[in-house]
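Here is a short report on one protein model. Please read it beside the sequence and the coordinates.

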4 protein chains.
Amino acid sequence: MKNQIVVGVVGAGRIGQLHINNMKIMSNIRVKTVADVFADKLKDWFETSGAEKLTKDYQDIMNDPEIDVVFICSSTDTHTMLIKEAAKVKKHIFCEKPISFSDQETLEAYEVVKAAGVKMQVGFNRRFDKNFKKIKNYVKSKKIGDLHILKITSRDPEPPSLDYVARSGGIFMDMAIHDFDMARYVSGSEVEEVYVQGATLVNPDIQKYNDIDTAIITLKFENGAIGVIDNSRQAVYGYDQRVEAFGSQGAISADNETETRVKVFTKDTVEEDKPLYFFLERYNNAYIQEVEDFFDSIEQEKEVLCEFKDGIMAQRIAKAAKKSFEIGKPVKVEKLK
Amino acid sequence: MKNQIVVGVVGAGRIGQLHINNMKIMSNIRVKTVADVFADKLKDWFETSGAEKLTKDYQDIMNDPEIDVVFICSSTDTHTMLIKEAAKVKKHIFCEKPISFSDQETLEAYEVVKAAGVKMQVGFNRRFDKNFKKIKNYVKSKKIGDLHILKITSRDPEPPSLDYVARSGGIFMDMAIHDFDMARYVSGSEVEEVYVQGATLVNPDIQKYNDIDTAIITLKFENGAIGVIDNSRQAVYGYDQRVEAFGSQGAISADNETETRVKVFTKDTVEEDKPLYFFLERYNNAYIQEVEDFFDSIEQEKEVLCEFKDGIMAQRIAKAAKKSFEIGKPVKVEKLK
Amino acid sequence: MKNQIVVGVVGAGRIGQLHINNMKIMSNIRVKTVADVFADKLKDWFETSGAEKLTKDYQDIMNDPEIDVVFICSSTDTHTMLIKEAAKVKKHIFCEKPISFSDQETLEAYEVVKAAGVKMQVGFNRRFDKNFKKIKNYVKSKKIGDLHILKITSRDPEPPSLDYVARSGGIFMDMAIHDFDMARYVSGSEVEEVYVQGATLVNPDIQKYNDIDTAIITLKFENGAIGVIDNSRQAVYGYDQRVEAFGSQGAISADNETETRVKVFTKDTVEEDKPLYFFLERYNNAYIQEVEDFFDSIEQEKEVLCEFKDGIMAQRIAKAAKKSFEIGKPVKVEKLK
Amino acid sequence: MKNQIVVGVVGAGRIGQLHINNMKIMSNIRVKTVADVFADKLKDWFETSGAEKLTKDYQDIMNDPEIDVVFICSSTDTHTMLIKEAAKVKKHIFCEKPISFSDQETLEAYEVVKAAGVKMQVGFNRRFDKNFKKIKNYVKSKKIGDLHILKITSRDPEPPSLDYVARSGGIFMDMAIHDFDMARYVSGSEVEEVYVQGATLVNPDIQKYNDIDTAIITLKFENGAIGVIDNSRQAVYGYDQRVEAFGSQGAISADNETETRVKVFTKDTVEEDKPLYFFLERYNNAYIQEVEDFFDSIEQEKEVLCEFKDGIMAQRIAKAAKKSFEIGKPVKVEKLK
């Protein structure tokens, strides 16, 4: 039987609760402590959470020698501080994306993690989706030959509130960052250059925040392949998440998941299910899988499947994309030394 | 918050373990005791099962006043005895299908349950599959008009061992019984008459047991509709589970579930995923849903969605089917008074 | 270059006009004479038909030594007479289905054709559909192993007029006869026994003609396989024409053809095209192909792909099906000596 | 009945022969004269072509007062000369794409056509494909709301010979020009700006001709929408031709056409047909439709559906795309005054 791993979670918002709920069914995982500044409001949820202790003070986690792993699910501006503190007390770290909005802070945190020799995984959950994993594996194994063109469609079902937009870091850092990671993941190559054709077509008010809601992002990969991402903040028919890899020996593509495989035929139309509407439904299994893989990495001392470097490079592509949109020209992505 | 329901499980074979595992994530359910005659061999499994007590003696469950509900997952020949004992001590009952091989015994058990006033649900899990539930609802709401033709395809991925065949009760009682229940469930009507065209095409040795492995079963419903089931013990491409309802205003059909929505295009072919191979994968969500619905029925004092009558009628259709195959003619299904 | 073949057509109703129109694009075919008792009403159509002569008297065809081939597209009751006359003057024959309503008359005509040594093809157009031909070839080449189950769905978009029903010969001879031929074609085996579960669900008035409009027809093949056909006179969503062959090593199925491959996604639904509505659209290519194959048989002195025997056996299955419906039991199909 | 239209065809290469063959089934069209410099080699083909006269001298067409319409299917460098000559003798013109490689020459020809008052249609056949026409109509009617993103996938099954590449005018003028026209057609808007990310991944020898074989082309439309085209000279699985329009109220997409709707299920895989391999198969119906629509425009004095302006603008986008690839920046498309 596996050894038990003891977990503390900082931040019990939507994503923190999701991870805690998923860990309930993992037989070797014990969620001991949950820290959240709004702990008072979480008491009802905590009752059935399966966790043992609820606190306002995340130091209760850092100072607990029994805890092996810290999940960082608090707001982005607290990430690098928490990473450094956790690494210093030799706890393994699972950190939600993005690591931070600052390249500099991310790199500093990286140095501390490296020095401590702990595992750290970044929360790009889509890497663990069965559809995209299959595409990745086909590309890697050259079953479609050399990659020529990578296409990613990524459209949210509804736009975030303007409040959210204001503090989101913009469409590239908040939304497309998942697609930038997917591009690196599937291609197995770094992105060299990025060009953005963007527009504000969903809600003109977004312009006040120097942001856009619709984009076509062209990518040039180090390995010679080229790619394109199309983003929209609002696909009225649901969460549209597709990937297509085209190569010298064929192509592989993933269509959207739906709730059922039912078709209805009437005199007017033939109907099928819409794509799953929300990311929690669409990526439910991927969220479970990413955490299970993280624990496997710890137990079996393997490398994590989504590491610090992945977090940093996705951020740098986001930064280059933002600049490309501002200047209307292609922009090089800064390399990691 | 919901009140806790305390559960005892008799029989921890494949299906018993499945239910116990699924109950782990249900916040208001406590699996207290598991009884199995082979308890000695189950110790490793029990460690991580989430259950509290493992025993050889099912009386530990019947005699425990704290236990509210008994899951009967033992072999078919023990079902009616256990049902009667559980009902007498006022425990709610979840019983795997078929209730028994004997109409008489089933009816006797029914009387005891009725007298005791406890809930009893029969384990026709497929009713709780999202695909088939959607079809049922469309038929019920007349969105495809009046039902004219119901078609069920039900093929197992591989044939059972001959040992299993010997004690299975035959293809109609063991395998097609799910389809008979599906026919009643989707149509909302009783089956009046059944005709079987059967064959032994997968494994001729099955004939030694007076059994077949391939069948086309025609149904005539009380409401005037007609139906057909096709069964095979071996579909090499996986577990083939489809339903189609055709009516005066349209049709609705459910295709097989697959692991991904990925397509691969090469110079030779376009490939997609095969149907999910095994019933545990295919009906995983349905198994969870059936148990959750059963607990809801108890808590909210609603009727169960798959009751005693459903168990009995599916058995009677199976019996008529067997006779039809033997005599080569259509056979009437005995009505429930 | 191919030699020219000179054609005469008896009967210029819907199906006759269809063949004449299709022959226009065949470079080595010359449609010389069209005979129809209602020739007066056909003058406008004839202008652009590409045919050279329009007459009321089919003897103008029989007596014309230049004519190589007679297409018999007149009403069923004239078929055997015309076949015999054409055969006697050594003309090759293409005859629409069914050959006749009488087994006796059909056999007599067969003797005459055999004695004359001319080619005769029967108009089961669906054999020439690309979808079904592919299924046939897979079954024949054992790519799905031995055939176990054959399923045919065949539903018309709208019921015929009661006038038509009155003189149609009934659903089995008029509509299901195509499916009986398809069953023999795909399986490569004769049908031994047939059982019908039928109903009048589309239009009760059909009962006045001792006919039904909805049927499930079970088939037992000589080679051990079993099969099922489901028929309806009215599928409101279009002409539903599907075939599925299931065998020991896999399955092969053909879905309906549609006008486009377009999908529409809105907040309410995902829609695609309905099946092609009418047999002229659905089987347009098959009609062309069957005639081209017939001419190839003549030129290259090969056997026709749908011969006299096929016509007779489909009729016999239809006859057995009718009897099965009347007596409510399975009925053997009379063999051809 | 319609009046007969008399046609002369200049150039009987692959595309010329295609149009002549398609016109055979059009009842009111008479192909009188075919002119080709290689007429000597075309005698066998001509025999069954349905055309009446074969000549080396295209003046036989221009000087024939009986001829109403000239089809220009010769090499691109002869187009504008032939357009001008045909317009001067008041013949309607169908001209294959591109009109010319020179903007100047195209505009001069345009002036002559305008002055002559004859109809001229440009051969962008894909506009007449049922799939894309349906998308166009949905966009135009605002059924998917305002257009936000337009995506076109256009990949050839195999690369042309280097000889062909040398005189093709490059990937943008030769291949992507169809996609530029499709972008204008579906969006109903002009393209303002274009950016190309290109690569030579299929055959490095193409670089000798300053050409590429793989491209992602970003488009900015006048109406605010944005778009992307991805091109490859080699999709080993067939001719990949898809369009997707995404808007404020939904999306509409067209998948590839296939020969059949057959699926094969085995223990290894589920297979379906590949996309139709060649443009003649894929766009067969579109080629017929474009010519029929052209003749309708003449007879009913309606505007043609693909006019001079469409030819010119597609060329200008191609020119801007070429420049964008050369300078590595987005380039504005020159407007038509």
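Predicted model: local features only at pLDDT ≥ 70, side-chain atom pairs only at ≥ 80, totals over all residues.

Residues are numbered from 1 along each chain as its sequence is written, chains are lettered from A and ligands numbered from 1 in the order in which they are written, and side-chain values use heavy atoms, with hydrogens and water left out.

**Chains D and A**

Chain D gives 39 residues to the contact, and chain A gives 39 residues. Contact means heavy atoms within 4.5 Å. About 3000 Å² is buried between the two chains, 66% of it on carbon and sulfur atoms. Buried area is the accessible area (1.4 Å probe) that two parts lose on being put together, summed over both. Six salt bridges are counted between chain D and chain A. A salt bridge puts a side-chain nitrogen of Lys or Arg within 4 Å of a carboxyl oxygen of Asp or Glu.

**Buried elements**

Buried means under 20% relative accessible area, exposed over 50%, and partly exposed in between (1.4 Å probe, protein chains only). Helices (H or I, at least four residues) and strands (E, at least two) are DSSP runs, numbered from the N terminus. In strand β2 (residues 29–35) of chain A, seven of seven residues are buried. Strand β1 (residues 5–10) of chain A runs parallel to β2(A), with six bridges joining them. Strands pair if DSSP finds at least two bridges between them. G8(A) has T33(A) as its bridge partner in β2(A).

Helix α1 (residues 14–23) of chain C is largely enclosed by the rest of the structure, because seven of its 10 residues are buried. Among them are I15(C), L18(C) and M23(C).

**Salt bridges**

Over all chains, 119 salt bridges are found.

| Pair | Closest N to O |
|---|---|
| D103(A) and R316(A) | 2.7 Å |
| K267(A) and D268(A) | 3.7 Å |

E190(C) lies in the loop between α8 (170–187) and β8 (191–199) of chain C, and K309(C) in helix α11 (residues 308–327) of chain C, 119 residues apart. E190(C) has 15% relative accessibility, so it counts as buried. K309(C) has 33%, so it counts as partly exposed. D103(A) and R316(A) are both buried. D268(A) has 61% relative accessibility and counts as exposed.
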